[in-house]
Amino acid sequence: METAVVVLAAGESKRFDGFKLLADFCGEPVVVRAVRSAVAAGVGPVHVVIGHNADAVRSAIRRAGLNPIFIYNPWYQLGVSASLKAALIYAPFYERYVIALGDMPLVKPETYKTLLAHIGDADIVYPVYKGVRGNPVAVSRAVLPSALEIQGDVGIRAIMSAHRSLGVEVDDPGVLIDVDRRGDITCG
């Protein structure tokens, strides 16, 4: 089955003091660590949706030696749903997708594989760590029509109740850690 990994990295960082995707996270920009994890999973081509500060985000990722497929979302101000749509319209031919967030730098590559191992059991598979739902999520092609109807600053969670969804327990606290404020950046 063909899989695409989509890293959503087009946002404006409104709650962050500065631009969070390029903020230093233990020696690398937040977005670089997120993309590096997606690439390391090795489950399919990685697509990065960029928008706000697109050139700077693309440059940081390329300087790190990563070469994903970049998708520019000119409607990034409309929220996460616009970036999700941009990716799905650009790459509609895959059988399944893993939708990751560019501000989640600690997701383990193994988590991508775990989610995909369960995609035959449901149309949407999401990670659960110690009882709490996290990201990224794996989706089958069957959710594309619903995903293209999502509006605003929401993602796949908005359509979970309309599809067969499955939570899979993972040993990865990174599925719960996103960078929204400077205080969220800690090196361990």
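**Notes on a predicted protein model**

1. The protein chain contains five helices and 10 strands. Its radius of gyration is 15 Å, close to the 16 Å that the globule rule gives for 188 residues, so the chain is as compact as a globular protein of that length. Keep in mind throughout that this is a predicted model.

2. Along the principal axes, the C-alpha atoms of the protein chain fill a box of roughly 40 × 35 × 30 Å. The accessible surface of the chain comes to about 8,600 Å². Carbon and sulfur atoms account for 51% of that surface.

3. Of the 188 residues in the protein chain, 51% are buried. As for contacts, take those between residues at least 6 apart in sequence: 72% of them join residues at least 24 apart.

4. Which residues of helix 4 are buried? Helix 4 covers residues 109-117, and its buried residues are Thr111, Tyr112, Leu115 and Leu116. Seen down the axis of helix 4, these buried residues fall within an arc of 135 degrees, so they line one face of the helix.

5. What do the buried residues of helix 4 pack against? One partner is a helix, namely helix 1 (30-41). The others are strands: strand 1 (3-9), strand 6 (96-101), strand 7 (124-129) and strand 9 (137-140).

6. A search of the whole structure finds two aromatic pairs. Phenylalanine 93 and tyrosine 94 form a tilted pair, with 4.6 Å centre to centre and 35 degrees between the planes. Tyrosine 94 also pairs with tyrosine 97, and this pair is edge-to-face: 5.9 Å centre to centre, with 75 degrees between the planes.

7. Tyrosine 94 is buried, because its relative accessible area is 7%, under the 20% cut-off. Tyrosine 97 is buried too, with a relative accessible area of 0%.

8. Two arginines deserve a look beside aromatic rings. The charged end of arginine 58 sits over the ring of phenylalanine 70, 5.8 Å from the ring centre. Likewise, the charged end of arginine 133 sits over the ring of tyrosine 126, and here the distance to the ring centre is 5.4 Å.

Terms used
Residues are numbered from 1 along each chain as its sequence is written. This is a predicted model: local features need pLDDT of at least 70, side-chain atom pairs count only at pLDDT 80 or more; totals for chains, interfaces and linings use all residues. Side-chain values use heavy atoms; hydrogens and water are left out. Buried means under 20% relative accessible area, exposed over 50%, partly exposed in between (1.4 Å probe, protein chains only). Helices (H or I, at least four residues) and strands (E, at least two) are DSSP runs, numbered from the N terminus. The arc is that of the directions from the helix axis to the C-beta atoms. Contact means heavy atoms within 4.5 Å. Rings of Phe, Tyr and Trp (its six-membered ring) pair if their centres lie within 6.5 Å; planes under 30 degrees apart count as stacked, over 60 as edge-to-face and the rest as tilted. A charge sits over a ring if NZ of Lys or CZ of Arg is within 6 Å of the ring centre and within 35 degrees of the ring normal. The radius of gyration is taken over C-alpha atoms; the globule rule is 2.2 Å times the number of residues to the power 0.38. Accessible areas come from the Shrake-Rupley method with a 1.4 Å probe; for residues, only the protein chains shown count as cover.
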